[in-house]
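I opened this model to look up a few local features. My notes follow the display.

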Amino acid sequence: MSRFWSPVVHGLTPYVPGEQPKLNNLVKLNTNENPYGPSLRVLEALRAEAGDSLRLYPDPNSDRLKQAIGEYHGLDTANVFVGNGSDEVLAHTFQALLKHDLPILFPDISYSFYPVYCGLYGIDYTEIALTEQFAINVDDYMRPNGGIIFPNPNAPTGRAIPLADIERLLQANGESVVVIDEAYVDFGAESAAVLVKKYPQLLVVHTLSKSRSLAGLRVGYALGQPELIEALVRVKDSFNSYPLDRFAQAGAVAAMQDRAWFDNTCRKVMTSRDKLVADLSKLGFEVLPSAANFVFARHPQHDGAELTAKLRERSIIVRHFRKPARIAPFMRITVGTDVQCAALVDALKDILKPV
Ligand SMILES: *Cc1c(COP(=O)(O)O)cnc(C)c1O
């Protein structure tokens with residue numbers, strides 16, 4: 001604790017990201033990265049950007065990227081906001097759109113960055129319990145609120161809700177912003193991007209970190225009507241005029257345009273996920289239905305922390321959350337390549353075999 005700190009800093013509880021180990025030879029299934037490298041067109045675009053132009057500032061508005069994102073979703077550039085990872089887009093969203101008199105609502109089991117942003121910006125929140133089956137029930141969100149945010153599919157459960165439920169929520173909730181964090185939507189859920197033109201209170205947030213294999217480039221975006229986008233731009237331009245560097249902009253344009261790589265890679269991950277779920281079930285695990293690039297699984301006889309530790313001894317890392325207690329039995333396992341998934345399943349077989 002330093003006497004030099006601004007008072008607010010003493011009260012912050014920062015987000016703890018999943019470990020990025022310095023060791024090689026680990027089977028890394030802990031932070032939901034894509035197991036495949038990005039599109040070769042992205043790499044070409046990055047190489048082309050490595051030149052004299054780096055002495056110049058990048059486009060502060062990322063116009064080419066907004067256009068590529070708009071084209072992908074069938075929306076206008078005025079519907080697009082871009083940021084340095086969707087974490088930054090979310091941070092600006094909390095400050096620009098979710099700070100009102102009433103508390104905002106999000107699930108009790110969800111992306112653990114949400115309460116951190118509330119702490120940073122002084123936003124009140126109420127956590128809404130997931131159902132017994134770890135699902136979001138939108139009826140539980142139909143009450144006065146300062147805003148609503150949840151991931152679809154949810155993290156760390158992997159469970160998705162249908163678009164019809166989101167539309168029902170939008171119809172019941174016209175007075176505050178509804179943010180759908182679609183970090184994992186490309187692995188099997190329905191995107192609410194198609195509702196953006198219809199509902200002025202809807203903001204849909206995407207990242208290129210997972211389905212486009214660019215966690216290292218740091219690009220995310222939000223889709224909404226111009227009134228919402230304008231609020232985000234105001235906050236961004238009061239914070240950092242150039243959040244996306246030249247590499248990020250060039251690489252992200254290429255990533256949005258390479259449909260073939262994207263479709264093929266998402267399909268491969270989903271196929272591996274289905275096999276992983278079947279293999280884990282055979283070992284006695286209960287696996288929540290996943291529409292994401294990870295699965296949330298528990299074994300009736302073994303604790304999540306214990307299994308996570310034993311996997312680690314075998315150089316396989318997965319994520320375990322101690323809180324809330326209801327999810328302590330689970331492990332969150334990123335879908336890797338088939339070879340990585342097989343290594344995980346073999347290690348679990350070994351750990352679970354009767355002694
Ligand atoms: C990974 C993730 C993000 C953040 O993605 P970045 O673009 O890498 O910052 C946002 N929301 C959820 C639910 C995530 O899992």
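I am working with a predicted model, where local features need pLDDT of at least 70, side-chain atom pairs count only at pLDDT 80 or more, and totals for chains, interfaces and linings use all residues. Residues are numbered from 1 along each chain as its sequence is written, and side-chain values use heavy atoms, with hydrogens and water left out.

**Polar contacts.** I then checked N or O pairs within 3.5 Å. A polar backbone atom of serine 86 is 2.6 Å from a ligand oxygen. The side chain of threonine 207 brings an N or O atom to 2.5 Å from an oxygen of the ligand. For serine 209, a polar side-chain atom is 2.6 Å from a ligand oxygen. The protein buries 93% of the 390 Å² that the ligand exposes when taken alone. I used Shrake-Rupley areas with a 1.4 Å probe.

**Strands.** I found an open sheet of three strands, ordered β9-β10-β12 with antiparallel pairing. Its edge strands are β9 (286-287) and β12 (330-334), each pairing on one side only. Two strands pair if DSSP finds at least two bridges between them. β9 and β10 (residues 294-298) pair over two bridges. Valine 287 stands opposite alanine 297 of β10.

**Backbone geometry.** Most residues other than glycine have a negative phi, and most peptide bonds are trans. I looked for exceptions. Asparagine 152 and proline 153 are joined by a cis peptide bond, omega about -5 degrees. The bond from alanine 155 to proline 156 is also cis, with omega near 5 degrees. Proline 153 lies in the loop between β5 (148-151) and α6 (163-172), and proline 156 is found in the loop between β5 and α6 too. Serine 213 is not a glycine, yet has a positive phi of about 60 degrees. I placed serine 213 in the loop between β7 (202-207) and β8 (220-223).

Conventions: Polar contact = N/O pair within 3.5 Å; in protein donor to acceptor, adjacent residues only side chain to side chain. Helix = DSSP H or I, 4+ residues; strand = E, 2+ residues; numbered from the N terminus.
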